[in-house]
Amino acid sequence: MTGPANAESEVVDLVSALIRFDTSNTGEPETTKGEAECARWVAAQLEEVGYQTEYVEAGAPGRGNVFARLEGADRSRGALLLHGHLDVVPAEPADWSVHPFSGAIEDGYVWGRGAVDMKDMCGILIAIARHFKRAGIVPPRDLVFAFVSDEEAGGKYGSQWLVENRPDLFAGVTEAVGEVGGFSLTVPRRDGGERRLYLVETAEKAMMWMRLTARGPAGHGSMIHDSNAVTAVSEAVARLGRHEFPIVLTDAVSEFLQAVTEETGYTFDPDSPDLPGAIAKLGPIARVVGATLRDTANPTMLRAGYKANVIPATAEAVIDCRILPGRQEAFEREVDELIGPDVTREWITQLPSYETTFDGDLVDAMNNAILAVDPGARLVPYMLSGGTDAKAFYKLGIRCFGFAPLRLPPDLDFTALFHGVDERVPVDALRFGTQVLEHFLLHS
């Protein structure tokens, strides 16, 4: 792609082009597609302006990843990793107003799967990287641009593999910036008017998938049986699915609620049984914030039997567990009490929680960048209820943040767009994010 030297003026076309690559990640290597083609296209955009790129396939054919480094003025400083994932969750075209892989630019939005998760950030990073190279801009420190695969399935063929097998790609990196942070939340001020808060992700819950298994004697469905594996696992699943884990306020959640209180006058009493109700006043963002008050264990899959008149010897269930930092041992004790002695459990996916503090020079640079473009705003930390590639990168001692700036319309239900139908990102938000990130990278 050729285009103007200004990053802000080409970012919309870059995001649209990225969306047109169908990089649907089904969770199975044999049916996941498009990552290699998209990654090679990203490499071409960077090479066109003079970058040396490295293309890496992570553990399986077609799982494409691209890295490029821009040297900074002070090579003695730790490098900053800027990462985005190229894969997306699948989409059913019949459910959408526009084709999910059209990259349509309509009504002030760029539409399509990945528009907010996270080809918007990838497009912003490509636009800034191209602009810096063309303009001969030397940032204060080394910048490592990484566009990776398989984030939507936990990174086994992406960030996790890269950290374990190619740590050299992250040489000198001390801090990282990625997705699901930096977006605006408009709240009413206690003295009238409104205030935009920009949420920086400083923590995320563990993503742990658990298999429950019950075993018993197989038998004919017409007879009486004292032990039935299907019944045992179903009862365990029902108890676990209905259970409410205790509220535990982490530092990130407490700091977020304190900031909201200062702006709005809303009160959030951690000892109140109606704390979730108070948080609901915040609107759609309450989906995320509410999920970070406590651990969750949501049943997602059941499997048993092969014939209607045969009681099977085994029955299984899969539970999606999201665990707060520091809570895993307590969580496991609670789960064991709920499922009982007749059901066994095992972890089939273990991606740990992550948290860092909301302070330091990098946070100051984020704050200054936001205020440079939106002077009346405020930066606040928050915890993500889901997970990102930060779960892999922090294993290398890298301090990770979510900071993909977007100034959003107050009435846009942003959290519903993640993995949702009619996913889209405002054109103005992309240009805003490009301005903010450019300022941030020039002063970080």
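Author: Strands are DSSP runs of E with at least two residues, and they are numbered from the N terminus. On that basis, Asp-320 belongs to strand 14, which covers residues 314-323. The model is a predicted one.

Reader: Is Asp-320 buried or exposed?

Author: A residue counts as buried when its relative accessible area is under 20%. Asp-320 has a relative accessibility of 17%, and therefore it is classed as buried.

Reader: Which residue's side chain is joined to that of Asp-320 by a polar contact?

Author: Leaving aside neighbours within four places in sequence, Asp-320 is in contact with Met-208, Trp-209, Thr-296, Ala-297, Asn-298 and Thr-300. The polar contact between side chains has a length of 3.3 Å, and the partner of Asp-320 in it is Trp-209.

Reader: How far apart are the end C-alpha atoms of residues 203-328?

Author: UniProt, in an unreviewed entry, lists residues 203-328 as "domain: Peptidase M20 dimerisation". This span is 32% helix and 28% strand, and its end C-alpha atoms are separated by 15 Å.

Reader: Which side-chain directions do the residues of strand 18 take?

Author: In a regular strand the side chains alternate between the two faces of the sheet. In strand 18, Arg-399 and Phe-401 point one way, and all four residues named here are buried; those that point the other way are Cys-400 and Gly-402.

Reader: Which residue stands opposite Cys-400 in strand 18?

Author: Strand 18 pairs with strand 7 over 4 bridges, in the parallel sense. The residue opposite Cys-400 is Ala-176.

Reader: What is the distance between the end C-alpha atoms of helix 10?

Author: Helix 10 runs over residues 361-373 and has 13 residues, so at 1.5 Å a residue it should span 18 Å.

Reader: Over what arc do the buried residues of helix 10 lie?

Author: The buried residues of helix 10 are Leu-362, Val-363, Ala-365, Met-366, Ala-369 and Ile-370. They lie on the same side of helix 10, because the arc they cover around the axis is only 160 degrees.

Reader: Which helix is included in what covers the buried residues of helix 10?

Author: Several strands contribute to this cover, including strand 3 (79-85), strand 9 (194-204) and strand 17 (378-384). Strand 7 and strand 18 are also included, as is helix 13 (427-442).

Reader: How many of the residues of helix 3 are buried?

Author: Helix 3 (residues 119-135) reaches 24 Å from its first C-alpha to its last, close to the 24 Å expected. Just after helix 3, Gly-136 takes a positive phi of about 70 degrees. Helix 3 is largely enclosed by the rest of the structure, because the buried residues number 14 of the 17.

Reader: Which residue in strand 5 stands opposite Glu-106?

Author: Strand 4 and strand 5 (residues 109-111) are paired in the antiparallel sense over 2 bridges. Opposite Glu-106 stands Tyr-109.

Definitions and conventions
Residues numbered from 1 in each chain as written. Predicted model: local features only at pLDDT ≥ 70, side-chain atom pairs only at ≥ 80, totals over all residues. Heavy atoms only, no water. Expected span 1.5 Å × (residues − 1). Buried < 20%, exposed > 50% of the residue type's maximum accessible area, 1.4 Å probe, protein only. Arc of directions from axis to C-beta. Contact = heavy atoms within 4.5 Å. Pairing = 2+ DSSP bridges. Polar contact = N/O pair within 3.5 Å; in protein donor to acceptor, adjacent residues only side chain to side chain. UniProt positions renumbered as here; feature names shortened; annotations may be inferred.
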